[in-house]
Amino acid sequence: MSEMAPEAAQFNNATFARIFKEIAAMMELKGESPFKARAYRTASETFVNLGEDLKHVWREGRVGDLPGVGKAITDKVDELMRTGQLRFYNRLVAEVPPALITLTEIPHVGAKTAMVLYKQLGITNLDDLEKALDDGRILGVPGIGPKSVETIRQGIATIRRRSAERRELLGNALPVVRQIIALLKERCPGNLDKIEVAGSARRWRPTVGDIDILATAAEPIEVVDCFVGLPMVGTVDSRGENKATVRLHNDLQVDLYVLPSENYISLLNHFTGSRAHNIKLRDRALRMKLHLNEYGLTKDGVPVPIDTEADIYNALGLDWMPPELREDRGEIEAAGRHALPALVQMSDIKGDLHVHTNWSDGSESILDMARAAKARGYQYVAITDHSYGLTVANGLTVERLRAQRKEIEEAQRVVGPDFRILHGTEMEIRLDGTLDFSDDVLAWLDVVVASIHSGLRQPGEQVTQRALDAIRNPNVDILGHPTGRIINHREPSAMDVSAVIREAARTGTALEINSAPDRLDLDDVYIKEAIEAGALLSVDTDAHHRDNYNLLEFGVHMARRGWATADRIVTTWDLDRLEAWLRRDVL
């Protein structure tokens with residue numbers, strides 16, 4: 001093994017993840033192959049989720065064994081380790097300053113416009129862009145008029161705020177947190193008693209600032225010692241007898257509290273609820289002549305016995321509520337009326353209606369994706385490869401769509417009659433609101449998921465009308481990832497989501513809850529609105545590989561955050577009911 005460069009010795013997993021993510025983005029800015037760019041983005045995700053130091057993996061020659069890391073990526077990791085630099089990255093930076101990546105996240109500034117801003121005005125960062133807004137030079141850029149200026153200013157403010165908050169995707173944080181908890185249970189099982197993640201991660205918020213883990217143990221210092229020595233720990237910021245704060249190799253901060261058993265439930269409850277939820281709980285306690293804080297519940301100075309979280313809520317005249325609801329959105333009032341909904345559960349899901357294969361931009365065959373879905377206990381799966389309007393995803397023409405039917409029929413024969421492969425499409429909603437395929441083709445398919453991928457920065461009236469036109473088509477079953485957001489990367493479109501929800505409720509079209517951790521679209525606020533409006537929902541994974549089926553939990557928990565019950569989610573229905581709905585025999 002070659003010697004590591006001094007510069008590389010200072011890198012952590014987050015450094016490697018950032019480099020490969022920027023490579024992917026710069027390739028996209030240059031208009032290069034989306035498939036090549038996706039390979040670098042996949043490698044970035046692997047590195048940020050890695051539960052050990054990538055430098056250690058490199059020393060042992062295991063980089064090529066990591067998921068999604070082929071020879072080209074392995075060679076580039078090796079170059080970074082040996083030299084501290086990457087020639088390929090440097091060449092891209094010479095052509096496309098990495099700061100341009102941030103510009104593409106602003107409404108009305110896509111990849112093409114960002115390159116024009118760079119080439120014509122020399123704009124490379126947010127500060128440059130603000131100056132061009134102030135002095136009016138921005139108005140010389142094609143497609144940007146006076147109405148766009150305020151939208152761009154608001155977008156810049158959003159990006160600056162997001163950068164200051166430094167919130168990580170839950171989808172990136174949760175796998176590492178689970179590894180931490182598993183290792184602590186494995187390495188000190190005789191000492192560790194209870195352990196659970198708390199905070200916004202326990203509420204399944206899409207992003208987290210840091211991670212809080214609460215535990216109880218007979219010898220807290222032993223658990224703390226075990227924790228700071230875990231392989232995913234990069235640096236130890238602080239360490240005491242019953243608490244430690246560390247920063248992982250992926251730069252995520254994790255705090256461990258090893259608590260006295262008598263305080264554990266109260267502190268878990270306190271650390272879990274949002275600030276607004278906790279304030280309202282304390283106010284309710286005061287009105288009942290009780291005192292509630294993070295250390296327990298007392299009446300006239302005498303502790304109220306607490307063995308479970310339910311004891312706290314019951315003492316306040318409330319039903320226990322799932323952590324996902326603890327955001328002060330009416331859950332306390334509903335719990336007081338004994339009117340909390342029976343939320344959807346993972347076990348309720350019976351299929352997936354948004355799945356891609358190697359016919360478009362997926363990586364596996366129809367048969368492989370069907371077998372994997374059946375192995376999960378599903379009753380059905382819908383193959384919904386992109387239509388031809390999304391050229392970057394190798395979308396299907398009508399001719400290819402008809403050819404695909406033959407492969408679906410053959411896969412159906414292989415998997416057997418106890419599992420159904422539905423033939424569908426992810427239909428591109430064009431800039432003018434029309435669809436790629438004619439109505440007779442759409443009617444021939446089993447499932448139609450209509451989605452907006454381009455023109456997301458259109459004025460709100462336009463993008464709303466496109467969605468409304470699609471869901472008014474009787475052949476469209478589901479509106480895919482309705483707002484088009486990419487968390488921490490792209491803001492939602494200016495769509496009037498409330499208007500779309502009302503129309504979807506009228507037409508019986510389902511609104512998707514896309515389970516990809518960087519989408520989770522619809523979000524929880526709109527899910528609750530959709531439930532109240534009587535609209536249907538569809539929790540799907542948008543899977544491009546069989547492993548993506550595992551993302552379902554993020555969609556289900558987002559649905560739970562939105563107060564969704566199983567009966568309003570079409571992917572919880574058995575095959576007979578689903579097919580009746582697809583025929584619109586029932587709503």
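Arg402 lies over the face of Trp444, 4.7 Å from the ring centre. Lys528 takes up the like position over Trp563, at 4.5 Å from the ring centre. A charge counts as over a ring if NZ of Lys or CZ of Arg is within 6 Å of the ring centre and within 35 degrees of the ring normal.

This is a predicted model, in which local features need pLDDT of at least 70, side-chain atom pairs count only at pLDDT 80 or more, and totals for chains, interfaces and linings use all residues. Residues are numbered from 1 along each chain as its sequence is written, and side-chain values use heavy atoms, with hydrogens and water left out.

## Aromatic pairs

A pair of aromatic rings is described by the distance of the centres and the angle of the planes. Here, rings of Phe, Tyr and Trp (its six-membered ring) pair if their centres lie within 6.5 Å; planes under 30 degrees apart count as stacked, over 60 as edge-to-face and the rest as tilted. The count by this rule is nine aromatic pairs. Two of them are set out below.

| Pair | Centre distance | Plane angle | Class |
|---|---|---|---|
| Phe20 and Tyr40 | 6.1 Å | 15° | stacked |
| Tyr388 and Phe437 | 5.8 Å | 50° | tilted |

Phe20 sits in helix α2 (residues 13-29) and Tyr40 in helix α3 (residues 34-49), so the pair links distant parts of the chain, 20 residues apart. Helices (H or I, at least four residues) and strands (E, at least two) are DSSP runs, numbered from the N terminus. Both Phe20 and Tyr40 are buried. Buried means under 20% relative accessible area, exposed over 50%, and partly exposed in between (1.4 Å probe, protein chains only). Ring pairs also join Phe20, Tyr40, Phe47 and Phe88 into a cluster.

Tyr388 belongs to the loop between β12 (380-383) and α19 (398-415), and Phe437 to the loop between β13 (420-428) and α20 (439-444), so the pair ties together parts that are 49 residues apart in sequence. Tyr388 is partly exposed, at 31% relative accessibility. Phe437 is buried, with a relative accessible area of 4%.

## Cavity and pocket

Rolling a probe the size of a water molecule over the atoms shows where empty space is left. On a 1 Å grid over the protein atoms alone, a cavity is a set of points where a 1.4 Å probe fits but cannot get out; a pocket is an open set with protein on both sides within 12 Å along at least five of seven lines; lining residues have an atom within 4 Å of a point. Grid points are joined across faces, edges and corners, and a volume is the space filled by probe spheres set on the points.

The whole structure holds one cavity of 30 Å³ or more. The largest cavity has a volume of about 70 Å³. Its lining consists of Ser266, Asn269, His270, Asn278, Leu281, Arg282, Leu292, Asn293, Glu294 and Ile312. Two or more of the lining residues come from each of α14 (261-272), α15 (275-287) and β8 (291-293). By class, the cavity lining has three nonpolar, five polar and two charged residues. Ala, Val, Leu, Ile, Met, Phe, Trp, Tyr, Cys and Pro count as nonpolar, Asp, Glu, Lys and Arg as charged, and the others, Gly among them, as polar.

The second largest pocket has a volume of about 1100 Å³. It is lined by 44 residues, and Thr158, Arg485, Arg490, Glu491 and Pro492 lie nearest its centre. The elements giving two or more residues to this lining are α10 (146-165), α21 (460-471), α23 (524-533) and α24 (552-561). α10 gives the most, with nine residues. The pocket lining divides into 15 nonpolar, twelve polar and 17 charged residues.

Helix α25 (residues 575-582) is mostly covered, with six of its eight residues buried. These are Leu575, Leu578, Glu579, Ala580, Trp581 and Leu582. Arg584 follows α25 and has a positive phi, near 65°.

Val233 is in strand β5 (residues 233-239). It is buried, at 11% relative accessibility. Beyond its neighbours within four places in sequence, Val233 contacts Phe227, Val228, Val246, Arg247, Leu248 and His249. Contact means heavy atoms within 4.5 Å. The C-alpha atoms of Val233 and Val254 are separated by 9.2 Å, with the two 21 residues apart along the chain.

Arg82 is in helix α5 (residues 71-83). It is partly exposed, at 35% relative accessibility. Not counting residues up to four places away in sequence, Arg82 touches Ser2, Glu3, Ala5 and Trp58.
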